[in-house]
Amino acid sequence: MALIERFQKVTDVTYWEGQIPMSYIYTVGRAGEKFFREMINGKIFGAKCNQCNLIYVPPRIYCEKCFERLEENYLEVGTKGKVHTFTQCYETYDGVRKEVPSIVAVIRIDGTEGGFVHWLGEVEFKDVYFGMPVEAVFKDKKEREGSILDIKYFRPIK
Ligand SMILES: [Zn+2]
């Protein structure tokens with residue numbers, strides 16, 4: 001079949017296997033830069049929309065509701081939040097079965113909109129519930145590198 005001919009049946013479509021070597025740099029953006037730089041200091045930052053009276057975590061440069069510019073409105077939001085949703089993870093990123101499953105949750109920082117995915121620690125899966133109060137446990141300061149993984153996990157607030 002020549003390249004200019006049209007396929008008449010989807011079963012005529014063929015494929016070939018191959019690999020495309022690719023390298024990339026993912027930029028975190030201007031709001032993300034503030035967020036990750038403050039992680040090194042053991043702080044979680046958001047961006048406040050004064051029009052809507054909402055604080056977004058992670059921070060954004062525009063309000064998604066009114067499009068107000070938020071870059072001048074970054075603020076520290078504390079390290080406490082609630083479990084918005086959660087599940088158990090039985091495999092590593094590489095598909096290897098874990099001996100002990102980890103608990104993954106969406107954490108919403110108190111008083112803010114949005115949230116982010118992170119691990120839960122110092123808790124059994126059977127004891128986790130929606131709305132459970134949690135707090136961030138950061139790595140030692142010398143181990144932080146401006147990553148979401150500067151937070152080791154979130155643990156229940158007793
Ligand atoms: Zn707004």
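User: What should helix 1 span at 1.5 Å a residue, and how far apart are its end C-alpha atoms?
Analyst: This is a predicted model. Helix 1 covers residues 29–40, and its 12 residues should span 16 Å at 1.5 Å a residue. The end C-alpha atoms are 17 Å apart, which agrees.

User: Which residues of helix 1 are buried?
Analyst: Ala31, Phe35 and Met39. Looking down the helix axis, the buried residues fall within an arc of 80 degrees, so they line one face of helix 1.

User: What do they pack against?
Analyst: The buried residues of helix 1 pack against strand 1.

User: And what follows the helix?
Analyst: Gly42, with a positive phi near 75 degrees.

User: Back to strand 1. What does it pair with, and in which sense?
Analyst: Strand 1 (residues 45–49) pairs with strand 2 (residues 54–57) in the antiparallel sense, over 3 bridges. Within that pair, Ala47 has Tyr56 as its bridge partner.

User: What sheet are they in?
Analyst: An open sheet of 4 strands, ordered 3-1-2-6, with mixed pairing. Its edge strands are strand 3 (74–76) and strand 6 (113–114), each pairing on one side only.

User: What about strand 4 and strand 8?
Analyst: Strand 4 (residues 80–91) and strand 8 (residues 133–138) are antiparallel over 3 bridges. Gly81 has Val134 in strand 8 as its bridge partner.

Technical notes
Residues are numbered from 1 along each chain as its sequence is written. This is a predicted model: local features need pLDDT of at least 70, side-chain atom pairs count only at pLDDT 80 or more; totals for chains, interfaces and linings use all residues. Two strands pair if DSSP finds at least two bridges between them. Helices (H or I, at least four residues) and strands (E, at least two) are DSSP runs, numbered from the N terminus. The expected span of a helix is 1.5 Å times one less than its number of residues. A residue is buried if 20 or more other C-beta atoms lie within 10 Å of its own, exposed if 12 or fewer, and partly exposed in between; C-beta atoms are placed from the backbone. The arc is that of the directions from the helix axis to the C-beta atoms. Two residues are in contact if their C-beta atoms, placed from the backbone, lie within 7 Å.
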